Amino acid sequence: MRWSEYLLPTLKETPADAEVVSHQLMMRAGMIRKVAAGIYNYMPFGLRSIRKVETIVREELDRAGAIEVLMPMANPAELWQESGRWEKYGKELLRFKDRKDADFCMGPTHEEVVTDIVRNTVRSYRQLPLNLYQIQTKFRDEIRPRFGLMRGREFIMKDAYSFDLDDAGADASYTKMYQAYRRIFARCGLKFRAVEADSGAIGGSFSHEFMVLAESGEDGIVSCDSCEYAANVEKAEIRMGDVVTPAAAEELRKVETPARKTIEDVALFLETSPQRLVKTLIVETDTDETVAVLLRGDRELNEIKLAHRLGCTWITLAPEEKVLKVTGAPSGFAGPVGLKVRILADLEVQGMADFITGANEKDTHFAGVNLGRDFTVDTFADLRQAVNGDPCPRCGGKLESWRGIEVGHVFKLGTKYSESMGATVLDDQGKDRTLVMGCYGIGIGRTVASAIEQNHDENGIIFPLPIAPFHVVVTMVNPNDDSVRDAAEKLYADLQAAGVETLLDDRDERPGSKFKDADLIGIPLRVTVGARGLKEGNLELQERQSGERTLLPVGEAATLLVEQVRAALAAR
């Protein structure tokens, strides 16, 4: 492709509404253009990268035995009413009526539609296992679309759905897809972790998120430094050995803490560390229960773990008036001594003695607090968020903390949709069996944006070669010089003939401007063709990632570049 004939509208300035790096650089590099909030045009340069990811996804899913279909964006309400999600999904589900006043929605995901396909076409266990996938545009009416393709309303997604006769088959299908996902993101050239995760609104009994590691990631994750265990901090388990409650050494006593409500302020005032405090959180559940939760002062509550322990859907911190009613004191002074509600405590608290808590009295705390003697706990459980340095729950290693961007999610759904929608087959005994399902999604555009979040510098994008829009950019220093133009054109033609995707910068622009544009758009290899180098028989190769410069003999340049690109792709 010749730059002079290509639609590649780069920008010198960052758009005011572009908040994160990937959004800024995708706009500046001419990859996307905004149409409405959370809705974008994929410009030619950006679409090439999107298609690269799609190709890798298709190859690996086909290799795993999945079969491609294409389902409609517009879904009839009847299917969603069968599953129960028409009422439950929320305002993110964009509902509309057609000219006959029938209810429809724009599909944010396609569990209902694919289950309808299978229940109407699959009759026998002999047709299983079955895995259907599509790459399709989805729409979720996000309340705050932001960050470009990271959290848009309309987006391209690969979603796959497996159907099996029993749990053993479903586990095998899940494992195949898990391994396919690992290959996909490795082939994309990304640093990632597959982490255990909560299934959320989709439902299901088990799931993994695939996280691209990036400092700008919205999600906190931990992974073991010795084994393959990794999990979202909301899901991460914390291994505690046998915990023994130490004997009390201090008497219970009140201490005044005027206007000191936070853990940090109390610790500073009492000249101790937050680790010597136990915080008491008063929380409410969707089942109308109010409970107290105890954590070491420097720890954070894991709300998902607590909700699972309580058997509820969600929990929330109690409002000020409820805290006052339960404890007799304003927020910031709650403690377990004398409380009349159910008390749960993190396992770590079980190993503490002579600690400090709120005294359920304004401007007052207790010191020398001890389990058993001063209060009792109804349930000890793993209730806190994992942090760097915690012991791995699978081996003797330590957990390391990362920030991650979710690009893929695999769920073991069970019979959540097949049962409600009557998707059954006949087994080898002629009996009806409800199908066991799995669900597997990848955000295609989000994967490209995440790659940019992970791979960039102050000058622009640094594309991993497998998903770069072009492999090589050939830059003419002076296109009006016949020798420069002839050499650049020959190299371009030779690379194209060998299947190396090449962008020829034949614009009549200053060299400095061309070099800046090349750095901005992030093509992995840049070859500079200039009169000075040609006189010495060389072209200059610069690698975008390392900045390393190499001189290539003119006669060997094409061959060397082809070898380098093929070797890099084969390594994936």
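Predicted model: local features only at pLDDT ≥ 70, side-chain atom pairs only at ≥ 80, totals over all residues.
Strand 7 (residues 130–139) and strand 8 (residues 154–164) pair in the antiparallel sense over ten bridges. Here, two strands count as paired if DSSP finds at least two bridges between them. The strands and helices themselves are DSSP runs, numbered from the N terminus: helices are H or I with at least four residues, and strands are E with at least two.

Residues are numbered from 1 along each chain as its sequence is written, and side-chain values use heavy atoms, with hydrogens and water left out.

Strand 7 also pairs with strand 3 (residues 67–68), through two bridges and running parallel. Nine of the ten residues of strand 7 are buried, so the rest of the structure largely encloses it. Buried means under 20% relative accessible area, exposed means over 50%, and partly exposed is in between (1.4 Å probe, protein chains only).

Three strands make it up, in the order 13-19-18, with antiparallel pairing. Strand 13 (253–256) and strand 18 (355–361) are at the edges with a single partner strand each, so one side of each has no neighbour in the sheet. On average, neighbouring strands here are turned by 40° against each other, direction ignored.

| Strands | Direction | Bridges | A bridge pair |
|---|---|---|---|
| 18 and 19 (residues 364–369) | antiparallel | four | T357 and F366 |

What about the nonpolar cores? A nonpolar core is a set of buried Ala, Val, Leu, Ile, Met, Phe, Trp, Tyr and Cys residues joined through side-chain atoms within 4.5 Å. The largest one has 61 residues, and M31, F45, Y181, I184, F185, F463 and L503 touch the most other members. Helix 6 (residues 167–187) gives the most to this core, with seven residues. There's also a second, separate core of 26 residues, which includes M71, Y161, F411 and M437.

Zoom in on M31: leaving out residues up to four places away in sequence, its contacts (heavy atoms within 4.5 Å) include F45, V448, I452 and F463. V448 and I452 are among the buried residues of helix 11. In helix 11 (residues 444–454), eleven of the eleven residues are buried, so the helix is largely enclosed by the rest of the structure.

Which residues does A214 touch? Not counting residues up to four places away in sequence, they are R403, G404, I405, E453 and Q454. A214 is in the loop between strand 10 (206–213) and strand 11 (219–224), and at 8% relative accessibility it counts as buried. From A214 to R182 is 32 residues in sequence and 17 Å in space, C-alpha to C-alpha.

Last up is a pair of helices. Helix 12 (residues 482–497) and helix 15 (residues 557–570) pack at about 35°, with their axes 9 Å apart. In helix 12, L491, D494 and L495 meet A557, A558, L561 and V562 in helix 15. The contact residues divide into six nonpolar, no polar and one charged.

Definitions and conventions: Axes fitted to C-alpha atoms, helices over the stretch in contact; angles between N-to-C directions. Nonpolar A, V, L, I, M, F, W, Y, C, P; charged D, E, K, R; others polar.
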